[in-house]
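Biologist: I would like a close look at one part of this model. Please show it first, and then I will say which part.

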Amino acid sequence: NEGESRLEYVQRSLNVPPAPASPAINTSSCLERKEVNPYRQLPLRLLGYMNELGESLKPFLKAPPLSYIYPGSYAVATSYVFVDSNKHASISSAANEGRGYGGYFVDGLVWQMLASVVVPGFVVNRVVWGVGRAGGSKQLQTIAGLASIPFIIKPIDAGVEFAM
């Protein structure tokens with residue numbers, strides 16, 4: 001429904017009635033709650049960007065032992081996504097008297113995997129590839145990949161939010 005928050009959509013999908021309003025807790029959105037999710041604060045949040053760093057450094061990570069850093073960057077980012085999705089689900093279900101944890105977890109996991117790992121990794125990969133294809137050095141490929149990260153975050157988040 002238009003104007004419906006993601007939390008309201010998940011609650012409706014799971015047939016979970018909205019929690020009673022509390023002056024200390026705003027249940028309209030997990031992100032607006034008074035409880036702080038430590039995984040969405042710096043520096044822990046930076047772990048979600050490790051795969052973009054790996055994609056940017058990929059031209060330098062071709063031969064072992066450095067070649068293990070590239071898949072390791074995805075392992076770190078994916079681990080962050082699972083931990084953050086768990087915390088998001090815990091906060092959201094607590095706002096609904098402990099109900100709906102699984103739905104909140106899946107919703108957060110799908111959103112985070114798309115917005116934090118899959119789509120940004122692909123975009124940075126294509127930026128690095130494009131600069132290399134145009135004849136750019138490894139250094140220029142890495143700089144272009146790293147420089148693209150701040151510009152892709154908001155459009156990707158908005159696109160994933162729209163798609164979901």
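Biologist: How do helix 3 and helix 4 pack, and at what angle?

Modeller: Keep in mind that this is a predicted model. Two packed helices are described by the angle between their axes and by the distance between those axes. Here helix 3 covers residues 69–94 and helix 4 covers residues 101–133. Their axes are 8 Å apart, and the helices pack at an angle of about 150°. Angles over 145 degrees count as roughly antiparallel, so helix 3 is roughly antiparallel to helix 4. The crossing of the two helices is right-handed. Sorted by class, the residues in the contact of helix 3 with helix 4 are 12 nonpolar, 12 polar and 2 charged.

Helix 3 also holds two tyrosines worth a look, Tyr 70 and Tyr 74. They are 4 residues apart, about one turn of the helix. The count of aromatic pairs comes to 3. One of them is formed by Tyr 70 and Tyr 74, with 5.7 Å from centre to centre and 70° between the planes. Planes over 60 degrees apart count as edge-to-face, so this pair is edge-to-face.

As for confidence, the chain has an average pLDDT of 83, and 75% of the residues score at least 70. The mean is lowest in helix 1 (residues 6–13), at 64, and highest in helix 2 (residues 50–57), at 96. Over residues 21–31 pLDDT stays under 50. For that stretch the model has 15 contacts beyond four places in sequence.

Terms used
Residues are numbered from 1 along each chain as its sequence is written. This is a predicted model: local features need pLDDT of at least 70, side-chain atom pairs count only at pLDDT 80 or more; totals for chains, interfaces and linings use all residues. Side-chain values use heavy atoms; hydrogens and water are left out. Axes are lines fitted to C-alpha atoms, for helices over the stretch in contact, and angles run from 0 to 180 degrees between N-to-C directions. Angles under 35 degrees count as roughly parallel, over 145 as roughly antiparallel, 65 to 115 as roughly perpendicular and the rest as oblique. A crossing is left-handed if the near helix is turned anticlockwise from the far one by less than a right angle, and right-handed if clockwise. Ala, Val, Leu, Ile, Met, Phe, Trp, Tyr, Cys and Pro count as nonpolar, Asp, Glu, Lys and Arg as charged, and the others, Gly among them, as polar. pLDDT is the predictor's confidence in each residue, from 0 to 100. Contact means heavy atoms within 4.5 Å. Rings of Phe, Tyr and Trp (its six-membered ring) pair if their centres lie within 6.5 Å; planes under 30 degrees apart count as stacked, over 60 as edge-to-face and the rest as tilted.
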